[in-house]
Amino acid sequence: MIGDKKVLFSGMQATGNLTLGNYLGALQNWVKLSDEYECFYSVVDLHSITVRQDPAELRKRARMLLTLYIAAGLDPEKNCIYYQSHVSGHAELAWILNCFTYMGELNRMTQFKDKAAKHADNINAGLFTYPVLMAADILLYQADVVPVGIDQMQHLEITRDIAQRFNGIYGDVFTIPEAYVGKSGAKIMSLQNPEKKMSKSDENPNASIYLMDDPDTIIRKFKRAVTDSMAQIVYSNEQPGVKNLLDIYCACTGKTPDEAVREFDGKGYGDLKLAVGESVVSVLRPLQERYADLSKDKAYIDGIIKENAEKANYYATKTLRKVQKKVGFPERIR
Ligand code: TRP
């Protein structure tokens with residue numbers, strides 16, 4: 001708890017172009033949660049270097065992502081929006097937690113197996129201990145809740161296991177975090193293969209809507225979206241392409257699937273695609289405008305980066321000192 005509020009932690013990597021899926025599935029949800037919780041939203045650049053990055057590109061994207069958090073509606077006065085690499089406690093706690101995590105546990109992580117297969121020429125130790133760093137992120141702020149997608153659930157489970165193991169030895173040091181489920185964000189699928197999640201690393205640019213796509217590009221991609229030959233607009237798992245379009249429409253307009261289906265009664269896929277495209281344009285346009293304004297104001301963003309890193313450091317250090325004492329490191333002499 002910070003004051004009378006529960007603590008929420010989440011983070012995103014600044015690699016690849018953020019997609020509509022990232023926005024509707026995560027960011028938009030973060031904004032909704034930001035009144036209820038004391039929130040820490042990190043740009044997790046330490047995680048990014050588990051895969052080889054171009055340094056200039058990583059720096060540029062990290063700043064874009066941090067600016068996007070704000071453009072999406074997260075108030076940086078209320079939410080702690082910061083770079084993970086600006087708070088050394090993440091790495092320090094990760095080291096300690098490494099010593100309380102078993103090889104066997106990490107070996108079971110499906111994301112490690114996937115990424116190791118994808119980057120067979122660079123299976124580094126950081127990739128292996130990635131979940132421990134993630135546990136450190138969460139535990140450092142004594143987070144109560146962590147909004148994560150299904151693909152990160154296993155990492156949240158291991159975080160809980162590590163925290164419980166540590167508490168079992170040293171007493172109540174860490175808050176045991178819960179996944180934030182509840183009214184979760186929409187799960188947005190690829191426009192080219194509606195069985196697959198929309199992903200920022202998809203090779204086919206038509207599969208994803210990027211947050212910075214201009215209106216013409218957005219409409220064009222929706223016109224090309226894969227549907228089916230059933231020629232009926234219903235909300236059903238039998239028609240994943242149409243269902244995905246309806247999900248996007250609902251997430252952008254606030255309508256329910258029933259309302260949307262009624263609205264498109266008697267209409268064709270062409271009409272549906274156009275309407276969905278327009279609803280997305282009307283959500284992304286203001287976001288892009290805010291982003292453009294914010295990126296012009298270098299001093300403002302710099303100020304946010306500095307102040308929030310200090311705030312994050314304050315809470316991180318509190319936890320870290322406690323942990324260091326528990327494991328037996330000597331007291332600092334002041
Ligand atoms: N691993 C997460 C992802 O790739 C990002 C992340 C890092 C994260 N640390 C976190 C998410 C802590 C939630 C909590 O999506």
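Guide: Helices and strands here are DSSP runs numbered from the N terminus, a helix having at least four residues and a strand at least two. In this predicted model, Gln 142 falls in the loop between helix 7 and strand 4 (145–146).

Visitor: What makes the phi of Gln 142 worth a remark?

Guide: Phi of Gln 142 is near 55°, a positive value in a residue other than glycine.

Visitor: Why is Gln 142 called buried?

Guide: Its relative accessibility is 14%. Buried means under 20%, so Gln 142 counts as buried.

Visitor: Where does Ala 231 lie, and why is it called exposed?

Guide: Ala 231 belongs to the loop between helix 9 and helix 10 (240–253), and its phi, near 50°, is likewise positive in a residue other than glycine. The threshold for exposed is over 50%; Ala 231 has 66% relative accessibility and therefore counts as exposed.

Visitor: How do you know that Ala 91 is partly exposed?

Guide: Ala 91, in helix 4 (residues 89–98), has a relative accessibility of 44%. Partly exposed covers the values between the buried limit of 20% and the exposed limit of 50%, so Ala 91 counts as partly exposed.

Visitor: What makes Ser 48 a buried residue, and which residues is it in contact with?

Guide: Ser 48 is part of helix 2 (residues 45–48). Leaving aside neighbours within four places in sequence, Ser 48 is in contact with Gln 13, Ala 14, Thr 15, Gln 53 and Leu 58.

Visitor: Why is helix 9 called roughly antiparallel to helix 12?

Guide: Helix 9 (residues 215–223) and helix 12 (residues 269–296) pack at about 150°, their axes 9 Å apart. Angles over 145 degrees count as roughly antiparallel, so helix 9 is roughly antiparallel to helix 12. The contact divides into nine nonpolar, one polar and four charged residues. The crossing of these two helices is right-handed.

Visitor: What makes helix 4 oblique to helix 7?

Guide: The axes of helix 4 and helix 7 cross at roughly 120° and come within 8 Å. Roughly perpendicular ends at 115 degrees and roughly antiparallel begins over 145; the angle falls in the remainder, and therefore helix 4 is oblique to helix 7. This crossing, too, is right-handed. Among the residues that meet are Leu 93 and Leu 97 in helix 4, with Val 132 and Leu 133 in helix 7. The residues of this contact divide into nine nonpolar, four polar and one charged.

Visitor: How many aromatic pairs are there?

Guide: The count comes to 13 aromatic pairs. One of them joins Phe 112 and Phe 128, 5.0 Å from centre to centre with 70° between the planes. Centres within 6.5 Å make a pair, and planes over 60 degrees apart make it edge-to-face; the pair of Phe 112 and Phe 128 is therefore edge-to-face. Phe 112 in helix 6 (residues 110–118) and Phe 128 in helix 7 (residues 125–140) are 16 residues apart, and the pair links distant parts of the chain.

Visitor: Why is Phe 112 called buried, and why Phe 128?

Guide: Phe 112 has 15% relative accessibility and Phe 128 has 13%. Both values meet the limit of under 20%, so Phe 112 and Phe 128 count as buried.

Visitor: Which residues do ring pairs link into a cluster?

Guide: Phe 9, Phe 40, Tyr 82, Tyr 141, Tyr 314 and Tyr 315 are linked in this way.

How values were computed:
Residues numbered from 1 in each chain as written. Predicted model: local features only at pLDDT ≥ 70, side-chain atom pairs only at ≥ 80, totals over all residues. Heavy atoms only, no water. Phe/Tyr/Trp six-rings, centres within 6.5 Å; stacked < 30°, edge-to-face > 60°. Buried < 20%, exposed > 50% of the residue type's maximum accessible area, 1.4 Å probe, protein only. Axes fitted to C-alpha atoms, helices over the stretch in contact; angles between N-to-C directions. Parallel < 35°, antiparallel > 145°, perpendicular 65-115°, else oblique. Left-handed = near helix turned anticlockwise from the far one by under 90°. Nonpolar A, V, L, I, M, F, W, Y, C, P; charged D, E, K, R; others polar. Contact = heavy atoms within 4.5 Å.
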